[in-house]
Structure formats: C-alpha cells, structure tokens
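Please examine the structure shown here. The questions and answers that follow take up selected features in turn.

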Amino acid sequence: MGQVVIETSDLSKTYDGFTAVDKLNLHIEEGEIFGFLGPNGAGKTTTMLMLLGLTAPSSGTVQICGHDPGREPLEVKRVVGYLPEKVGFYENLNARQNLEYTAELNNLPKREAFEKINNLLSTVGLSQVCDQEVKKLSRGMKQRLGIADIWIKDPKLVLLDEPTSGIDPEGIEDILTLTANMARKGITVVFCSHQLHQVQRICTRVGILNKGHLVAEGQIDRLGREAIAGGRYRIEIQVAQVNQKLVDALKLVEGVVDVQGSAETLLISCDKDLREQISKLIVESDNSLLGMKIEEYSLEAVYKEVLS
Amino acid sequence: MYTVFRKELADYLESKRFAMLFILATMAAVFAVYLAVQNIRGAVSSSSEFVFLKIFTVSSETLPSFLFFVSIFIPIIGIAFGFDAINNERASGNLSRLLSQPIYRDSIINGKFLASLAVLSFIVVSVIAIVGGLGLRIIGVPPDSEEVLRLIAFALTSIIYGAFWVALAILFSVSFNRAASSMLAALALWMFFFFFVYMIAGAIADARVPIDSNSSFEMIAKNAEIQGMINRISPCNLYGESILALLTPEIASLNPALMMISVIAAGRMLTPLNFTQSLLLVWPQIVTMVALATICFAISYVRFIKQEIRAT
C-alpha cells in the first residue's frame, strides 16, 4: 500500500445549474496508473482542473499529497504535472526555450535545468529537433514535448488529458511507453482517454465517469466480471469428448454455478477461479483436456455495459 | 513574476510588431525634427525663450506637430502590446499549462503588464531622445535645466497615458476570447475618445449655447467652456492638455475661455510659467490618468484571477 496521492470526497462542480461532476470519490495511491474514462462531457477534464486547483469545486474536498489545491495552490502545483488536451507552446520559441521557461518558472537553477532538459529531450526523442521553432513540430512531437514539460518539475502526480488523441500509431506507442516509464519511477498517473485498448494496456485501475457520476471503478478484470458475467468467472474448456457424465461431475465441484456446452467446448460459470480443480477433475475422469481459458473482459465490453 | 516579465519582454522585443512600431515612431520623430527645422524660425521670433521645447511643439499650417504624432502613437503602441496578452495564451493552449506551474496566477498578468509598459516606455523615451538629439545637432541651442525637467515630465506623462492604454487593452484581452475582437474593441474605444467625444462635445455646446459670427465674446467663451468640460471625459484630451501645458510654458490656464483670451492677447508678451506652476496646472489631468490606468488594470486583474479555467 503506497502513499495516498489523490483523495477526493463528494467532489462536485456545478456550472450555472448544470452539474458537471457529481459527488466524486476517488482514492488513488502512489505509483498507480489510473485510467479515467467516460464519454465526452462526462466531467473528466473538469475533475482534472479541480484536482489542480484551476477550477474551484462547488462542494466537496480534494487532497493532493495532503494539500488542498484551493488553499495551497503552489504546494500542489509543485508536485503535479498537467498535460492539457490541446497543449500549446510558445510557437515562436524552440522546444528547448519552451522547456527552459518552464524550468525557470519552477525555480530550477540554470545549470541543473540545462542538464535536465537535455536528458528529457533525449528521453522523449526530440533531441534532433530541439532547436526548431515549435510551430514546425508535428502534433505527436508537441505531445511528447508536453510530456517532457511536465517531467521538468519531477512531479509526484501527472494528469494526462487525452494525451494520444490525433496522433499516429507510432506516436501513441511512444506516449504509452513514456507513461508506463513514469509510473515505473513511482509517479502516479491519471490517464484520461477514450482509447479503451490503450487504457487497458497500461492502466492498473480505471474509473468510468458518466454525466458526472463515477459509474464504475476498479481493476479491469474485476469490473468485467461484475458488469458482464454477474460477478462470476467464466472458464472455457475444450476436451476430447463431451459427455453428460463429465458435465454432471463438473456441476458437483464446489463453486460451479452452471455448465453449458456443445460438441467439444464447455463454458463453466463459477464463483471463483477454479481452473486447478477443473483440470484435475478432467484428467482424473480419463478425459483429455485440450484447452482451457479463463474469460478476459475487454475494457470495451465493460465500458459499453456500464454506460448502457 | 520576474521570470514572466523577462520572457514577455524578450518576446516583445523580438516581435515583428515591435520592429514595425519602432520604425514608424522613428520616422515620426525624424519628420518632427524636419518640420521643426523648417518652421522654428517663425515660431521663435515671437518669444526668445524655450527654443529647445519648440522643436516638439511647432507645427506648420499644413502639418501637425510632434505632439500630435505622439498623442496618436501612444494609444496604438499601448493597444498593440496588450490586446492579445491573455486571450492569445488561452487560444494557443498555453494558459492552462502556464497556470499549472508553481507560480501565483497574478504574476502572469502583472508580468505581462510590466513588460508591455517597459516596451512602451522604451519607445517613448527613444523617440524623445531622437528628436531632442537631432534637434540639438541641427539648431545648436542646448536645453536649459528647466527644459530638461519639462521633457522628463513629458516623457513620464506619456508613459502614464500609455499605461492606461496597455491596461485597457489587457482588460479587453481578458474579457474577449478572440484577439481580433479585443483589438477592434480597443481601437473603437480609442476612436470614440479621439474623434467622437470632440464632435459630441461640439454638438452639445452648440445646442446649449448657440453661437454665430455675431455672438458676444461671453457667449463664445461659454460655448468653449462647455465643450472643454465635456472633452475632459476623454483621456486623449487629458493627455493632450497635459503635454501641451508641460511643453508650452506660455500656457497659463487650461480653462478654454481663458485660453481664448490668451489667444486674443497673443500680441502681448506673455509671462511664461515656471516648471512647478505648469506641473500644478496639469496635476489634476495627470492624477486622473493615473487613476484611469489603475482602475482598468484593477478590473482586468480581478477578472483574470476570478476567471475559471473551464473544460471546453
């Protein structure tokens, strides 16, 4: 159990009578990559802005590493890096100058900043173009520059708002790798995206927001079981011969709820992961086990199910 | 704040708009000296004192004086270095990135305001220095200490006036999301103050006290007074009055009626005021300009601090 990085309680935001975020309770710990999902207008960006203290909550509280962003903005901003959806840089300056400005705003000593910027530029693969004006960089390059930009302050928490939108597959790959690397270094990441398969690849936990409500939250496989299979594990097995005897025997295993099947495959629903018991039973009953697979839930299926 | 100030200043000094405005202002300065050299003989013969200041104030029958150029230029420079201060940051996606850095929000707007003001001061002082320098070289009459004091006061007043326009432009840049709208709004307001207030003042004065060629002097003076009072709504007019009085020691009053008397009495030698008296004369104007600049900046400051960064 790591240190708590984000803690919100009943966080709400109302804009002129419209509730953008409704009683949000988040608890995110150090080193997590938290995928923050939801349709457009669900309140993801508003939540991020409240976490940063750029928008004041209508009610509820936020604690970032123990600080309230509204009361102690500088303490929070010193440890939080925010990459907005449409990140912009000073177009007339080059990549290095933009990073130097950020370093200066973070009170980094010149010499230290110089080294750090060099390292970061090579980490995000922009060393070759760092002397070009930002307006000549591609969208993907700017996004990587944005990641370097938030890395300058050595953040404890990073908020990424749609970091992969509008970027080519290679660029996406780079950004996902960089994000995963950040988490490996102990940085907590909140990854806000519509790209469900990307979220599924790198996130340890997800939260799905719809119309301001957090409709689901947890690890993807647990969410999948809850949303799609009624909280059960589904194990698919292939055996040499399917016969009634085997089905009956399987049904007697403790925890098995249902067995369905045809020809060579059987689908077993059970309360917990019973792969060990099932394989043993099949082998003992002189049947041969050809394949066994525990059903994995795609985030996409979970997402659709939760939002419907 | 210092970091923001330095970065903005560097940006402005490298910008095309700075180069453009600086060249224009220099041209105006050189032109003013040319004009002065052409006309100074006629202007000086009437009064022997303050020859150096005449470089700044002489006008010919067809061409306006340096003061007129300055009074047009300063608002334009002020607007040029303020109209996109905040909304450009917002449009380019820099603002939320900037605001997520560990700096107080007000240091952004303060830094930008001071940077614009520094650029403006730089242009104003350079132009005055160019005119003074060239004038000195060509007419060969050095300024005395009183004239130098008056020029310094002139420069400071111009900077205060510029600060008002910068503050106004920044206010529009906070209020309007598009840079083009904020520039148009600022220019429209400038035109209103510069042209329309005079027309409106004239119309109101003529409606209240109609005058024609047979009107008594009393009526004409009354008309001029009403016009003068209404004109003072306009910061352009406040500035015009201030610099005219600061650079023309012979002006003893800014009351339009009394000024008319002095025009009529121009045949007589007028005793010029000393510097402190001239300064006292325009003190209310200067204080009003400081107040206007402060109010504009205060409003934009508060609006910027209270403005929420919204998800779009």
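Q: Which pattern does chain B follow when read along the sequence?
A: This is a predicted model, in which local features need pLDDT of at least 70, side-chain atom pairs count only at pLDDT 80 or more, and totals for chains, interfaces and linings use all residues. Residues are numbered from 1 along each chain as its sequence is written, while chains are lettered from A and ligands numbered from 1 in the order in which they are written. Helices (H or I, at least four residues) and strands (E, at least two) are DSSP runs, numbered from the N terminus. Chain B has 13 helices and 0 strands, and its pattern is α-α-α-α-α-α-α-α-α-α-α-α-α.

Q: What radius of gyration does chain B have?
A: The radius of gyration is taken over C-alpha atoms, and the globule rule is 2.2 Å times the number of residues to the power 0.38. Along the principal axes, the C-alpha atoms of chain B fill a box of roughly 70 × 50 × 35 Å. For 312 residues a compact globule would have a value near 20 Å, and chain B agrees with this at 22 Å.

Q: Why is strand β4 of chain A described as largely enclosed by the rest of the structure?
A: A residue is buried if 20 or more other C-beta atoms lie within 10 Å of its own, exposed if 12 or fewer, and partly exposed in between; C-beta atoms are placed from the backbone. In a regular strand the side chains alternate between the two faces of the sheet. In β4(A), Ile33(A), Gly35(A) and Leu37(A) are buried on one side, and Phe34(A) and Phe36(A) on the other. The strand, residues 33-37, is therefore largely enclosed because its buried residues number 5 of the 5.

Q: Which residue in β9(A) is the bridge partner of Phe36(A)?
A: Two strands pair if DSSP finds at least two bridges between them. β4(A) pairs in the parallel sense with strand β9 (residues 205-210) of chain A over 4 bridges. Within β9(A), the partner of Phe36(A) is Gly207(A).

Q: Which residue in β8(A) does Ile33(A) stand opposite?
A: Strand β8 (residues 188-192) of chain A pairs with β4(A) in the parallel sense over 4 bridges. The residue of β8(A) opposite Ile33(A) is Val189(A).

Q: How many residues does chain B bring to the contact with chain A?
A: Two residues are in contact if their C-beta atoms, placed from the backbone, lie within 7 Å. Chain A brings 25 residues, and the number from chain B is 17.
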